[in-house]
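Hi everyone, thanks for coming. Please take a look at the structure on the screen, and then I'll walk you through a few parts of it.

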Amino acid sequence: AAKIGAFMKTIVTDCYTQAEQDVFNNGMAGLDRACEKLNGKSFMNCSPEQRKNFLITLEKEAKDFNDKKNEAEKTNREVAKKEGKEFTGAPPHYYSMIKQLTLFGYFTSEIGQTKALRLLPVPGKYDGAHPYNKGDKAWAI
């Protein structure tokens, strides 16, 4: 209902670098192969429990990949800074991109703002002491 697929396509095509596009597109293309390797069947043919376990596996893989990438890039970033050069790091793991775009797309969509969040379409005054009740939805402004 939130049309996240179309949102992702637009963001990847219009906003990502070529290196980021390549990582994202290759990751999307290999998603079913990775699931078949783990579960013996495609993602859509897996049970909800198998899908959840597969996504948890991808989450751990992405975290390890991104942690190693970020650690390795620290030195390169410092060297580039000392030499007065611009540093461009490698793209993150494809799963991180998919997850970030999914969350961003959903929570900025009409359905995400009206069903999961409390939409306040007209700006109001800031009230830092506004009461919060446990379980209240966050505000979308």
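Let's begin with the second largest pocket, where α4 gives the most to the lining, with four residues. Before going on, a word on the source: this is a predicted model, where local features need pLDDT of at least 70, side-chain atom pairs count only at pLDDT 80 or more, and totals for chains, interfaces and linings use all residues. Residues are numbered from 1 along each chain as its sequence is written, and side-chain values use heavy atoms, with hydrogens and water left out.

The elements giving two or more residues to its lining are α2 (18-39), α3 (48-82) and α4 (94-107). Helices here are DSSP runs (H or I, at least four residues), numbered from the N terminus. The lining includes M28, L31, F54, Y95 and I98. By type, the lining residues are eight nonpolar, one polar and one charged. Nonpolar covers Ala, Val, Leu, Ile, Met, Phe, Trp, Tyr, Cys and Pro; charged covers Asp, Glu, Lys and Arg; the others, Gly among them, are polar.

Now, how do α2 and α4 cross? Their axes come within 8 Å and cross at roughly 90°. That makes α2 roughly perpendicular to α4 (65 to 115 degrees). Axes are lines fitted to C-alpha atoms, for helices over the stretch in contact, and angles run from 0 to 180 degrees between N-to-C directions. On the α2 side, the contact (heavy atoms within 4.5 Å) is made by E20, V23, F24, G27, M28 and L31. On the α4 side sit Y94, M97, I98 and L101.

Next, α1, residues 4-15: the axes of α1 and α2 come within 9 Å and cross at roughly 145°. Here M8, V12 and T13 in α1 meet Q21, F24 and N25 in α2. Those contact residues divide into three nonpolar, three polar and no charged.

Finally, salt bridges: a side-chain nitrogen of Lys or Arg within 4 Å of a carboxyl oxygen of Asp or Glu. The count comes to seven. D67 forms one with K63, the closest N and O atoms being 2.7 Å apart. Both residues lie in α3, four residues apart, about one turn of the helix.

Definitions and conventions: 1 Å grid on protein atoms, 1.4 Å probe; cavity = no way out; pocket = protein on both sides within 12 Å on 5 of 7 lines; lining within 4 Å. Parallel < 35°, antiparallel > 145°, perpendicular 65-115°, else oblique.
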